[in-house]
Amino acid sequence: LLLALFALGHTAERLVLTEFFTNAGWPGCGPAGVHLEDFQAANPDLFAVISYHTYWFGTDPYYTYNPTENQNRFTYYGLGGTPYLYIDGVNRGYSSSAWDGYINTESTVDAPVTIDFAGSYDYQSGIGTANITVSAEVGTSGDYILHLVLTENDLYYMGSNGYPDHGNVMRDMIPDENGTTISLTSGGSIVESLNFEVPPSL
């Protein structure tokens, strides 16, 4: 399990955020997912992945586990199919062969904030608290949305597309898919404390 953190406004020595929209039943999603995971394995410090599973176009237990937050996320972007990749909030299409270049280019862009993460977690109860410090670079100010996302790796399900291995699967968005509004001032910092719970089934 992994707590993935992102702000619409990015992070300081930029860790690129990719949001992958996929389905375990659609033939094109399998090769695209494998390509993305292989590129991440080769470049673990370059970018993070959150995989949202949709109801197109076949049975997918990772969609049905959390349909509301999965669906509201792809509704937010106005998507109507899979696979698609968003890189730092920008639609970079369905052609996985182009994604590597987009990610490499985005990684060279200066980021306007630094995000530091600390907290506590009790393994027996599954309850934890994330303490998140967001520090704005000079010239960055305004209202932003902070998202805290629980993802899971090393999942196995043989979907009808023939690809059984699934990683970076979104399990929960904390507090929900709408995130938390934060207000930043130039050169200043804020701290947000968010409580979360990992279900016993994970």
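With a relative accessible area of 76%, D154 is exposed (exposed means over 50% relative accessible area, buried under 20% and partly exposed in between, using a 1.4 Å probe and protein chains only). This residue sits in the loop between β8 (142-152) and β9 (155-156), where helices (H or I, at least four residues) and strands (E, at least two) are DSSP runs numbered from the N terminus. Although D154 is not a glycine, its phi is positive, at about 60°. The model is predicted, so local features need pLDDT of at least 70 and side-chain atom pairs count only at pLDDT 80 or more, while totals for chains, interfaces and linings use all residues. Residues are numbered from 1 along each chain as its sequence is written, and side-chain values use heavy atoms, with hydrogens and water left out.

D88 is buried, with a relative accessible area of 12%. Most residues other than glycine have a negative phi, and most peptide bonds are trans. F57 lies in the loop between β3 and α2 (61-65), and P83 in the loop between α3 (67-77) and β4 (84-87).

Turning to the whole protein, the model contains 4 helices and 13 strands. For 202 residues, a compact globule would have a radius of gyration near 17 Å, and the protein agrees with this because its own value is 17 Å (taken over C-alpha atoms; the globule rule is 2.2 Å times the number of residues to the power 0.38). Of these 202 residues, 48% count as buried. Among contacts (heavy atoms within 4.5 Å) between residues at least 6 apart in sequence, 71% join residues at least 24 apart.

Strand β2 runs parallel to β3 (residues 47-53), joined by 7 bridges (strands pair if DSSP finds at least two bridges between them), and F20 stands opposite S51. Elsewhere, I132 in strand β7 (residues 127-136) is buried, at 0% relative accessibility.
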